Amino acid sequence: MSLESNKSVLSYLKEFAIGGAATSTAGLFSNPFDVVKTRFQLQGELQSRGSYNVKYKNLFDAFIKIAKYEGLPGIQKGLCSALMYQIVMNSTRLGLYQTIINSGLPNDNNGKPVFWKLLISGAFSGSVSALISSPLYLAKVQIQASAASNIAVGYQHKHTSVWSALRAAYNSPGGLYQGVTSALWRVSVGSATQLSTFTRVKHFIASQNVFRSDFSVVVISSLISSGAIVVTMTPFDVIATRLYNQKHGLYYTGWLDCVKKILKTEGVGGFYKGTVAHYFRIGPHTILTLIIWDRYRKWFL
């Protein structure tokens, strides 16, 4: 293998490593909101509004109750599985996406990124990463949903670690890839929205020469991207949480069945449960991930 080929392979590997490092760093700060978001999305599962006991009234109430009944570690429940998931999923997603960007495939003849090509690139990289990381997402959701009995919502799994969760999934009828279809929808839509919006907005703002600092451009691009992803991704996120957390086949037979049952029993609002918690989870996480990712690329590439 030539020296140039070695450099090319090393560059690709760095892109994947930087993607994983950026998102796991952000995950340390966003995981508490992920725990709360998961609880909200499972609260009142397949029950009409007003027909169930509300365990969590709002974001603040959820944090207080989790800390009260599960201790401060409860706020960071599932952190190990969350970081493992972020490293595997986003090292693949961001690394693959940046490799596509570096190839110039999403650009027009003038070298400017074409939005629909960025969408396809983001969706493709998201789908591949969702497939690879699905077992870890399964473990993460089930561990985060596990709660003290008086504030428990959704089906309760009794996992003691990431490995016990993976072992239980392996031995279950659904296997390690239970709910994977929902993950493909969730991450492909989220990734397409996040990465295409960030890339396009960043390129546009930079071309206007309004800000002297490149860091300001990244921050503003990340803010716009995080807002877009919450709007488009939340319904798919709710569906994924339901399918991954259930005991195989207990509530839903598949993705479409889940959509039908939520719509029938909870209405359209059921798809947007936990939106505020989702924003506080995905917003800061998106901002931190994209800023750290951008900084790491400048420092190490």
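This briefing describes salt bridges in the structure above. The model is a predicted one. Side chains of opposite charge can pair when their charged atoms come close.

**Asp-34 and Lys-140**
- Asp-34 pairs with Lys-140 in a salt bridge whose closest N and O atoms lie 2.9 Å apart.
- This pair connects distant parts of the chain, since Asp-34 belongs to helix α1 (residues 3–42) and Lys-140 to helix α5 (residues 115–145), 106 residues apart.
- Asp-34 has a relative accessibility of 3% and therefore counts as buried.
- Lys-140 is also buried, with a relative accessible area of 2%.

**Arg-39 and Glu-70**
- A salt bridge joins Arg-39 to Glu-70, with 3.1 Å between the closest N and O atoms.
- Here too, distant parts of the chain are linked: Arg-39 lies in helix α1 and Glu-70 in helix α2 (residues 59–70), 31 residues apart.
- Arg-39 is buried at a relative accessible area of 1%, and Glu-70 is buried at 17%.

**Asp-257 and Lys-261**
- The side chains of Asp-257 and Lys-261 form a salt bridge, at 3.2 Å from N to O.
- Both residues are in helix α9 (residues 255–266); because they are four residues apart, about one helical turn separates them.
- Asp-257 counts as buried at 19% relative accessibility, because buried means under 20%.
- Lys-261, at 31% relative accessibility, counts as partly exposed.

- Salt bridges with shared partners join Asp-34, Lys-37, Lys-140, Arg-186, Asp-237 and Arg-281 into one network.

Key:
Residues numbered from 1 in each chain as written. Predicted model: local features only at pLDDT ≥ 70, side-chain atom pairs only at ≥ 80, totals over all residues. Heavy atoms only, no water. Salt bridge = Lys/Arg side-chain N within 4 Å of Asp/Glu carboxyl O. Helix = DSSP H or I, 4+ residues; strand = E, 2+ residues; numbered from the N terminus. Buried < 20%, exposed > 50% of the residue type's maximum accessible area, 1.4 Å probe, protein only.
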